[in-house]
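Student: I've just opened this one and I'm new to it. Can we go through it together?

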Amino acid sequence: MKILIVDGDWNLKRNFMKREAMFAKGEHCGGSFGFLDSLRSVINKVTPDRVVIMWDGMLGGKFRHDIYPHYKENRNKDWDEDSYLLTEEEMDFEAKRKYSILAQKIKVKNYLEELYIRQVEVDLIEADDLIAKYVLSKNNDDIITIFSSDKDYYQLVSENVSVLRPSDDKNINTANFKEIFGYIPENTLILRCFEGDVSDNIPGVDGVGMKTIIKYFPRFCDEPYDVDRFIKESVEQYQKKPIKFFEKIIGCRRIVDRNFKLMNLHEPFLNETAIQEVEEIRDCVIVEDNSFTQRSISNAMKMMLKDGYNKLVWQEDMNFFFRPFFRLVAKETEFSKKILGNK
């Protein structure tokens with residue numbers, strides 16, 4: 001089965017920012033309409049049998065924050081000292097912006113319910129961990145595409161798991177990974193641990209990145225590495241040639257170990273609720289009968305008319321806009337009949 005998995009909050013926010021000038025009936029809709037428009041485009045490319053959207057839950061990231069209190073600290077200006085320097089007008093703008101994102105998220109989720117898109121959201125859990133859980137426990141015949149620009153997902157690339165990169169529509173898989181990045185996918189996590197993640201406010205090791213690692217550890221391109229191997233080889237190299245780069249590797253164990261815990265998607269941060277939700281969404285029946293199918297698609301179109309989004313559709317042709325979802329609905333209906341028929 002071909003499965004498309006999307007990081008919901010990432011796709012919503014990127015469209016929100018990319019389509020700042022998009023309004024319908026006087027309300028900003030760049031995030032909500034943009035989400036649907038980008039999703040239909042991706043479905044056209046991947047032609048999946050199933051689509052799953054994973055959302056960040058309320059207080060998502062708490063488990064990582066417990067390990068590293070500064071995790072994602074740079075994303076919330078409400079708690080940043082700089083927020084005290086904002087004018088009342090700027091603070092009001094920030095509050096309206098956050099409300100708009102939340103309102104559009106709720107709207108998107110309602111649309112997706114009508115379009116047979118499977119969704120998971122669990123309090124305290126981030127979308128990254130839900131996606132990792134789904135991928136790591138996938139069925140043997142599943143072929144999964146993850147749609148995201150987050151580099152952390154590259155560590156999940158395997159024989160039947162790829163990452164569709166939105167910047168250039170490149171589908172990154174085991175066949176082209178080394179050609180694109182210069183090293184094997186098995187080394188993604190350890191490299192991320194050295195480099196850190198600016199967007200998540202996770203500092204790495206200064207002066208230690210892909211170029212310097214490949215320069216001093218050329219076997220990194222083809223052989224799996226972990227921190228123990230890096231330190232062992234650094235000690236050996238330092239004894240021959242005592243340069244500062246090897247000193248950094250030898251002395252960075254604490255930072256790399258911390259980052260490994262924070263960034264390792266092979267050991268996602270989950271609770272029992274999250275595990276149950278992912279397992280349930282994997283193979284549950286979401287189509288009851290054919291009449292329900294037709295009614296649901298019609299509901300999505302009515303929602304689009306009510307929201308005024310039809311004015312944003314090419315030639316206002318909603319059948320054209322929703323066409324990529326018809327195949328998905330047919331596949332979900334076929335799956336449901338198969339499961340219900342075996343009971």
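Tutor: Let's start with N201, which counts as partly exposed at 24% relative accessibility. Buried means under 20% relative accessible area, exposed over 50%, and partly exposed in between (1.4 Å probe, protein chains only). Keep in mind that this is a predicted model, where local features need pLDDT of at least 70, side-chain atom pairs count only at pLDDT 80 or more, and totals for chains, interfaces and linings use all residues. Residues are numbered from 1 along each chain as its sequence is written, and side-chain values use heavy atoms, with hydrogens and water left out.

Student: Where is N201 found, and what is its phi near?

Tutor: N201 is in the loop between helix 7 (188-195) and helix 8 (210-216); helices (H or I, at least four residues) and strands (E, at least two) are DSSP runs, numbered from the N terminus. Most residues other than glycine have a negative phi. N201 isn't a glycine, yet its phi is positive, near 60°.

Student: How many disulfides does the structure hold?

Tutor: A disulfide is a pair of cysteine sulfur atoms within 2.5 Å. For C221, the nearest cysteine sulfur, that of C193, is 18 Å away. The number of disulfides in the structure is 0.
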